[in-house]
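Open your viewer and get ready to click through the model one stop at a time. At each stop you will be told what to select and what to look for.

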Amino acid sequence: MSKLLNLHSIQDSNNVVGLRKLYNTCEVQIRSLDSLNVTSGMYGHLLYPILIKLIPEELSLAFNRKRLEKDSQNEFDVMELLNFLKIEIECRESVLFQNSKVERKKNFNNQYSVPKPQHSFTNSVRVYGLILQFFLS
C-alpha cells in the first residue's frame, strides 16, 4: 500500500509512458492486495482521491464527466477509475503507434525514393550536340 501512496503525479496527458507506468504500478499493487484478501472496499476510500490527484486534470475531468453521464450515484470506485485509465492509455498508445507507422512510411519513402535526374532534357540535347560537333570536326 505504501507504493501506491508514494506514486508521482503525471501532469501531461500526452505523457503516455508515464501514464502507462502509473497504471501498471497501480495494477500490480492492487493485485497484490487482492491476493492478500484485501478488497477494494477496504482501501478504495483512501486510494481514490490519491489516484485522481495523480492523473492529469484533463483525464480527471473526462472521468468525472463520464460518471455524470452514467448518472452513477454510487460511491467512487477505484476499479472504475483504473478501467477508465486503461482504456484511455490504450487509445493514446494506439494513436501513437498509428502516427509512428505514418512517420516510418514517410521516412522510408524519402530514403528509398528514386532520385530525380539532375539534368534536364534540353541540357542533354546540348551536350549530345557538342559531342557530335567534336567528333564531326
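A salt bridge here is a side-chain nitrogen of Lys or Arg within 4 Å of a carboxyl oxygen of Asp or Glu. Keep that in mind, as this structure holds five salt bridges.

Before the first stop, some ground rules. This is a predicted model, where local features need pLDDT of at least 70, side-chain atom pairs count only at pLDDT 80 or more, and totals for chains, interfaces and linings use all residues. Residues are numbered from 1 along each chain as its sequence is written, and side-chain values use heavy atoms, leaving out hydrogens and water.

**Stop 1: colour by confidence.** The predictor's confidence in each residue is called pLDDT and runs from 0 to 100. The protein chain averages 81, and 72% of the residues score at least 70. Now look at the elements; helices are DSSP runs (H or I, at least four residues), numbered from the N terminus. Helix 2 has the highest mean pLDDT, 92, while helix 6 (residues 121-136) has the lowest, 67.

**Stop 2: select helix 2, residues 16-35.** How far apart are its end C-alpha atoms? They are 28 Å apart, which agrees with the 28 Å that 20 residues should span at 1.5 Å a residue. The expected span is 1.5 Å times one less than the number of residues.

Next, ask which residues of helix 2 are buried. Buried means under 20% relative accessible area, exposed means over 50%, and partly exposed lies in between (1.4 Å probe, protein chains only). The buried residues of helix 2 include Val16, Leu19, Leu22, Tyr23 and Ile30. Cys26 is buried too, with a relative accessible area of 1%.

**Stop 3: show the side chains of Arg31 and Glu27.** These two form a salt bridge, with the closest N and O atoms 3.1 Å apart. Arg31 and Glu27 are four residues apart in helix 2, so about one helical turn separates them. An α-helix has 3.6 residues a turn, so residues three or four places apart point the same way. Is Arg31 buried or exposed? At 57% relative accessibility, Arg31 counts as exposed.

Stop 4: Glu93 sits in helix 5 (residues 78-111) and Arg20 in helix 2, so the pair ties together parts that are 73 residues apart in sequence. Glu93 is partly exposed, at 29% relative accessible area.

**Stop 5: move to Glu80 and Arg67.** Their side chains meet in a salt bridge of 3.8 Å, N to O. Glu80 belongs to helix 5 and Arg67 to helix 4 (residues 57-69), so this pair links parts 13 residues apart in sequence. Glu80 counts as buried at 15% relative accessibility, and Arg67 is buried at 8%. Select Glu58, Glu88 and Arg92 as well: salt bridges that share partners join them into one network.

**Stop 6: go to Asn37.** Asn37 lies in the loop between helix 2 and helix 3 (40-54). Its phi is near 65°, a positive value in a residue other than glycine. At 64% relative accessibility, Asn37 counts as exposed.

**Stop 7: look at the cysteines.** How many disulfides does a search of the whole structure find? The search finds zero, a disulfide being a pair of cysteine sulfur atoms within 2.5 Å. Select Cys91 to finish: at 46% relative accessibility, Cys91 counts as partly exposed.

Methods: Helices (H or I, at least four residues) and strands (E, at least two) are DSSP runs, numbered from the N terminus.
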